[in-house]
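Visitor: I would like to learn how to read a model like this one. Please take me through it feature by feature.

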Amino acid sequence: MKKIGRLERPDNNGSAKMFENPILERISRTHISIPITMFIGISLVLEYYAITTTEITWYAGVGLFFAGFFAFTFVEYMMHKYFFHMEPNTPVKDKLQYSVHGVHHDYPKDKDRLAMPPFVSAAYAAIIYLVFNLIMGELALYFVPGFLFGYAAYLGVHYVVHAYQPPKNFLKSLWVNHAIHHYKDPDVAFGVSTPIWDYIFGTMPKKD
């Protein structure tokens, strides 16, 4: 198995100590409900401003929302494959890769590190809005909520596939694919919330 973290094999019971300072260690952890609530709350505020301050039609707004949601699934895949799984071939890249993702591969059941801390999540939301506002103008008021809802959905799916047993329905494939990614082959199944981009780019797990 390709080594992503620093342990010889994943530890399903432990938790990494990232900082010696107890305050930094504490704020590096977060309950999954906090970033999810933040992203949904910000999305609702942006939707309100979109409805009350623009003349964008409701059907265009719905289309922009779903375009934002779909765009997030692509960004999720690309970030996971090319940033989270970057080759740690320099000390800086090694530290960055481990801090943002390698630690999760070492301790996949650590529920407090399945999402970035609130201040990082807030920074992400601000950057996402500023970037899309620069590109799209007022259309971003509908597009960004869809993008952030996609982010919230990703966080929710990622949490449940690590914290709960798979259901006995078609959603079970999300659990199976992510388990293969963690415990068998980290070079496949980069999509967490949807396997669509794994199908498109040929990174679906091979059936035995």
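Visitor: How many helices and strands are there in the chain?

Guide: The chain has 8 helices and 0 strands. Helices (H or I, at least four residues) and strands (E, at least two) are DSSP runs, numbered from the N terminus. This is a predicted model: local features need pLDDT of at least 70, side-chain atom pairs count only at pLDDT 80 or more, and totals for chains, interfaces and linings use all residues. Residues are numbered from 1 along each chain as its sequence is written, and side-chain values use heavy atoms, with hydrogens and water left out.

Visitor: What radius of gyration does the chain have, and what would a compact globule have?

Guide: The radius is taken over C-alpha atoms, and the globule rule is 2.2 Å times the number of residues to the power 0.38. For 208 residues, a compact globule would be near 17 Å; the chain has 18 Å, which agrees. The C-alpha trace spans about 55 × 45 × 35 Å along its principal axes.

Visitor: What share of the residues count as buried?

Guide: Buried means under 20% relative accessible area, exposed over 50%, partly exposed in between (1.4 Å probe, protein chains only). Here 41% of the 208 residues count as buried.

Visitor: Which residues touch the most other members of the largest nonpolar core?

Guide: In soluble globular proteins, nonpolar side chains tend to be buried together. A nonpolar core is a set of buried Ala, Val, Leu, Ile, Met, Phe, Trp, Tyr and Cys residues joined through side-chain atoms within 4.5 Å. In this core of 30 residues, they are Phe 39, Ile 128, Phe 132, Val 144, Tyr 151 and Leu 155. Helix 6 (140-163) is one of the helices that each supply at least two core residues. The largest share, 14 residues, comes from helix 6.

Visitor: What is Val 144 in contact with, beyond its neighbours within four places in sequence?

Guide: Contact means heavy atoms within 4.5 Å. Val 144 is in contact with Leu 46, Ile 128, Tyr 129 and Phe 132, those neighbours left aside.

Visitor: Is Glu 25 buried or exposed?

Guide: Glu 25 is buried, because its relative accessible area is 12%. Glu 25 is found in helix 1 (residues 22-27). Leaving aside neighbours within four places in sequence, its contacts are Ala 16, Lys 17, Met 18, Phe 19 and Arg 113.
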